[in-house]
Amino acid sequence: MISQELNDQITRVGPGSEAGRVLRHYWQPALLREELAHGDKVPVNLLGERLALIRDASGIYVLATRKASADEKPTHYPNARDIVIDPDGPAYPVTERNGVIFAYMGPGDPPEFPNFDCFRAPESHVFAFKGLWQCNWLQALEIGIDPAHASFLHRFLEDEDPKESYGKQFRDSAADTNIPMTKILRDYPRPDISVDETEYGLKITALRRMENDLIHVRVTNQIFPEAICIPMSREMIITQWHVPIDDENCYWFTMFTSFRDPVNKDLMREQRLKEHALPDYAPLKNKANNYHYDPDEQARLTYTGMGLDINVHDQWAVEGMGPIQDRTQEHLGRSDVAIIRYRRMLRQAIAAVADGRFEDLPMQRGESVAQISGPLSNDSIADTSDWQMASHAADMARRSACPWDARV
Amino acid sequence: MEGRSVKDPTAAWTVIARVSDLDAKRPLLPITLASGRYVLFRDEEGELGLIGRHCPHRGADLCFGRLEDNGLRCPFHGWHFDRTGQCVEQPAEPEGSKMYTQIKVPMIPVKIVDGNILANIPEGELSQ
């Protein structure tokens with residue numbers, strides 16, 4: 001449990017707020033490049049500010065302030081012709097990386113981009129998409145740094161053929177075995193979780209001790225301040241930001257990065273457009289329709305009764321907490337160790353910004369940010385004795401066979 | 001799920017539902033009282049429980065919980081609660097952990113009278 005005061009401090013992100021000031025020191029995913037088709041002004045609702053992507057007088061894209069009425073809905077997405085720019089409001093620089101347009105809304109010069117796989121892979125090997133969750137960004141992030149929940153929330157009471165798994169999370173077979181990931185998650189629900197602070201955030205290692213002295217090793221990452229980097233399949237990783245629209249709504253922005261074949265973007269987009277409505281990328285299964293909850297399905301097929309798309313399970317978990325999770329009532333356990341470490345990092349960053357010690361912020365400490373690569377995200381199965389080496393070797397093997405330069 | 005709202009209870013024992021409202025394959029109803037949100041369910045022994053709707057772990061909505069093992073299980077991390085609101089299992093916590101013994105969600109006593117389910121609303125929450 002934490003105090004209401006602390007909960008407010010780490011969740012609220014509007015202009016001048018403490019966590020909001022930290023987030024503004026980092027590039028924020030603002031919109032997908034595909035949204036440019038909307039017209040010469042594209043609405044963006046970000047960190048409690050009402051903005052629009054436009055070209056300035058010199059033809060350069062900027063994120064300008066737009067005039068908005070107080071009762072606009074948080075994801076309001078007006079037609080280009082109805083957008084009125086407020087010349088007195090701030091305007092922010094933007095830049096694109098592999099289908100995502102990032103904005104810098106903080107003071108001074110924007111930071112360098114790290115050399116993460118999602119940024120350095122060629123365009124052919126990265127697919128980007130986003131989706132709306134109607135809740136505060138922090139609870140959305142926290143589910144992503146909680147390796148235990150996958151054994152429950154995403155439990156499948158039956159396994160499907162991993163060959164049908166393309167483009168979906170947790171549906172491949174694990175490592176180089178023929179065991180479906182869904183079976184490992186179900187059979188070993190009590191992972192041993194350890195957390196290491198890194199230059200980019202946190203490295204989270206979840207160990208599931210299996211029979212015959214084998215161990216399943218899942219390495220995931222928290223990238224400061226609001227992203228995660230996790231394995232999706234043997235071929236792909238996910239880098240996902242949980243970007244505040246305002247205090248009570250957020251978008252996930254995901255860059256799917258392939259270490260092998262070019263991404264089948266048409267298929268991945270089609271899979272996701274079946275689940276989302278444009279223009280605001282709102283999920284079709286949502287709180288208003290109980291996420292299509294089906295008690296019969298819950299009894300025989302999935303743990304939630306909300307279908308096979310694990311994004312919907314996560315969305316239910318975090319939206320069900322309320323617009324901002326009431327952390328004065330929570331009881332964190334050992335499985336929440338990464339969440340506890342993350343909140344400590346965020347509070348340290350809040351203090352650093354308040355003191356003007358910007359050089360103490362992660363990835364802004366004067367090191368060469370462009371040298372920060374990876375991070376390593378993978379699933380592997382190893383002998384208990386050498387799991388650390390085996391986990392590392394599995395990622396190196398994938399990287400050395402990669403058609404683009406994925407060396408770390 | 002929309003909670004059924006019980007407005008301005010004026011007696012300690014207040015009708016919150018009909019017994020027949022739970023005549024479903026999954027006998028569970030969200031109930032909203034002035035003091036907050038609850039979930040009403042019938043366990044495998046046929047007894048009723050009216051307990052806090054949000055899992056005390058990280059606040060997930062127990063109205064979508066799994067009715068199994070004579071109680072209600074949160075789909076987020078499998079924490080399991082009996083009809084008194086006592087946590088009886090935390091399957092993701094380390095082997096041997098006794099943390100669950102310290103975890104209880106609020107519980108409001110209920111009884112059945114003439115086909116109605118009555119809840120014993122705490123005195124402070126009655127309207128004057």
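Helices (H or I, at least four residues) and strands (E, at least two) are DSSP runs, numbered from the N terminus. By that rule, A:Cys229 sits in strand β12 of chain A, residues 227–231. This is a predicted model, in which local features need pLDDT of at least 70 and side-chain atom pairs count only at pLDDT 80 or more, while totals for chains, interfaces and linings use all residues. Residues are numbered from 1 along each chain as its sequence is written, chains are lettered from A and ligands numbered from 1 in the order in which they are written, and side-chain values use heavy atoms, with hydrogens and water left out.

Stay with A:Cys229 for a moment. Its relative accessibility is 1%, so A:Cys229 counts as buried. Buried means under 20% relative accessible area, exposed means over 50%, and partly exposed is in between (1.4 Å probe, protein chains only). A:Arg24 gives a reference point: A:Cys229 and A:Arg24 are 205 residues apart in sequence and 20 Å apart in space, C-alpha to C-alpha.

Next comes A:His242, in strand β13 of chain A. A:His242 has 1% relative accessibility and therefore counts as buried. Not counting residues up to four places away in sequence, A:His242 touches A:Trp133, A:Trp137, A:Ala140, A:Leu141, A:Glu226, A:Tyr251 and A:Trp252. A polar atom of the A:His242 side chain lies 3.5 Å from the backbone oxygen of A:Ala140.

In α6 of chain A, residues 265–273, A:Met268, A:Gln271 and A:Arg272 are buried. Why are they on the same side of α6(A)? They cover an arc of only 90° around the axis, which puts them on one and the same side of α6(A). The arc is that of the directions from the helix axis to the C-beta atoms. An α-helix has 3.6 residues a turn, so residues three or four places apart point the same way.

Now turn to charge pairing. A salt bridge is a side-chain nitrogen of Lys or Arg within 4 Å of a carboxyl oxygen of Asp or Glu. The structure holds 37 salt bridges over all chains. One of them pairs A:Asp261 with A:Arg260, at 3.9 Å from N to O. A:Asp261 is partly exposed, with a relative accessible area of 41%. In chain B, B:Arg73 and B:Glu89 form another, their closest N and O atoms being 3.3 Å apart. This pair links distant parts of the chain, with B:Arg73 in strand β7 (residues 71–73) and B:Glu89 in strand β9, 16 residues apart. B:Arg73 counts as buried at 5% relative accessibility, whereas B:Glu89 is partly exposed at 32%. Back in chain A, salt bridges that share partners join A:Asp117, A:Arg120, A:Asp395, A:Arg398 and A:Arg399 into one network.

Where do the two chains meet? In all, 34 residues of chain A are in contact with 30 residues of chain B. Together the chains bury about 2,600 Å², 55% of it on carbon and sulfur atoms. Buried area is the accessible area (1.4 Å probe) that two parts lose on being put together, summed over both. A:Arg190, A:Trp316 and A:His331 supply 25% of the area that chain A buries against chain B, more than any other three residues.

A:Arg190 also takes part in a salt bridge with B:Glu95, the closest N and O atoms being 3.7 Å apart. B:Glu95 lies in the loop between β9 (87–89) and β10 (110–113) of chain B, and A:Arg190 in the loop between α5 (181–187) and β9 (192–197) of chain A, so the pair joins two chains. B:Glu95 counts as exposed at 67% relative accessibility, and A:Arg190 as partly exposed at 34%. The count between chain A and chain B is four salt bridges. α4 (137–143), α7 (295–300) and α8 (310–319) of chain A each give two or more residues to the side that touches chain B. α7(A) gives the most, with three residues.

Conventions. Contact means heavy atoms within 4.5 Å. A polar contact is a pair of N or O atoms within 3.5 Å; within protein, one must be able to donate a hydrogen and the other to accept it, and residues adjacent in sequence count only if both atoms are side-chain atoms.
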